[in-house]
Amino acid sequence: MTGSENITCDVVCFNQDKIHSIQSSLPQRDELESLAAIHKVLGHPVRLAILEVLKFEQCCVCDLANILTEPVSTISQHLKSLKNLGLLKSSKRGKLVFYEVNISSMEWTFLHNQNLSKLNQ
């Protein structure tokens with residue numbers, strides 16, 4: 001097949017059984033929108049690094065800033081994005097706020113491996 005060949009059908013036809021079968025297995029629109037929002041947030045390397053760190057141990061913003069060698073203000077903004085999506089949860093201890101991953105390690109591993117496999121393709 002060369003690049004100049006037409007890759008569309010010459011006729012318009014519908015396989016109703018196929019269409020209904022596929023449509024019934026698709027996630028609902030709101031689920032897809034939530035998933036798209038998560039992928040958008042996970043599209044930043046600093047946010048992925050934050051999740052990588054937090055899968056090991058809870059950290060405050062200062063710890064994360066030092067571990068990742070980023071300004072505290074940058075880390076704070078990324079933490080806000082991750083927390084707004086429910087990927088992180090926080091707990092206050094005295095004057096410090098500690099963050100941790102709010103998804104199971106299995107879910108995080110799945111997301112992480114899925115992203116890595118796409119990079120290797």
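Among the contacts in the protein chain with a separation of 6 or more, 46% are accounted for by residues 24 or more positions apart, where contact means heavy atoms within 4.5 Å. The structure is a predicted model, in which local features need pLDDT of at least 70 and side-chain atom pairs count only at pLDDT 80 or more, whereas totals for chains, interfaces and linings use all residues. Residues are numbered from 1 along each chain as its sequence is written, and side-chain values use heavy atoms, with hydrogens and water left out. Of the 121 residues in the protein chain, 21% are buried, a term that stands for under 20% relative accessible area, with exposed meaning over 50% and partly exposed the range in between (1.4 Å probe, protein chains only).

The protein chain holds 6 helices and 3 strands, these being DSSP runs numbered from the N terminus (helices: H or I, at least four residues; strands: E, at least two). Read along the sequence, these elements follow the pattern α-α-α-β-α-α-β-β-α.

The strands form an open sheet of 3 strands in the order β1-β3-β2, with antiparallel pairing, two strands being taken to pair if DSSP finds at least two bridges between them. Because β1 (59-60) and β2 (88-93) stand at the edges, each with a single partner strand, one side of each is left without a neighbour in the sheet. In general, strands of a sheet pair through backbone hydrogen bonds, either parallel or antiparallel. Strand β1 is joined to β3 (residues 96-101) by 2 bridges, and these strands run antiparallel; C59 has Y99 as its bridge partner in β3, while C60 stands opposite F98 in β3. Between β2 and β3, which also run antiparallel, there are 6 bridges, and across this pairing K89 stands opposite E100 and K92 stands opposite V97. The strands β2 and β3 form a hairpin with 2 residues between them, and G94 in the turn has a positive phi of about 65 degrees.

A positive phi is also found at T69, where the value is about 50 degrees although this residue is not a glycine. Most residues other than glycine have a negative phi, and most peptide bonds are trans. T69 is placed in the loop between α4 (61-68) and α5, and with a relative accessible area of 70% this residue is exposed.

Two of the helices can be described by how they lie against the sheet and against each other. Helix α3 lies across β1, β2 and β3 and runs at about 90 degrees to β3, whereas helix α5 lies across β2 and β3 and runs at about 115 degrees to β2; the axes are lines fitted to C-alpha atoms, for helices over the stretch in contact, and the angles run from 0 to 180 degrees between N-to-C directions. The axes of α3 (residues 45-54) and α5 (residues 72-84) come within 10 Å and cross at roughly 75 degrees, which means that α3 is roughly perpendicular to α5 (angles under 35 degrees count as roughly parallel, over 145 as roughly antiparallel, 65 to 115 as roughly perpendicular and the rest as oblique). On the side of α3 this contact is made by V46, R47, I50 and L51, and on the side of α5 by I75, H78, L79, S81 and L82. These residues divide into 6 nonpolar, 2 polar and 1 charged, where Ala, Val, Leu, Ile, Met, Phe, Trp, Tyr, Cys and Pro count as nonpolar, Asp, Glu, Lys and Arg as charged, and the others, Gly among them, as polar.

When a salt bridge is defined as a side-chain nitrogen of Lys or Arg within 4 Å of a carboxyl oxygen of Asp or Glu, the count comes to 2 salt bridges. In one of them E33 is joined to R29, with the closest N and O atoms 3.3 Å apart; these residues are 4 residues apart in helix α2 (residues 29-42) and are therefore separated by about one helical turn. E33 is partly exposed at a relative accessible area of 47%, while R29, at 64% relative accessibility, counts as exposed. K55 forms a salt bridge with E52, the closest N and O atoms lying 3.1 Å apart, and here K55 is partly exposed at 39% relative accessibility, as is E52 with a relative accessible area of 22%.
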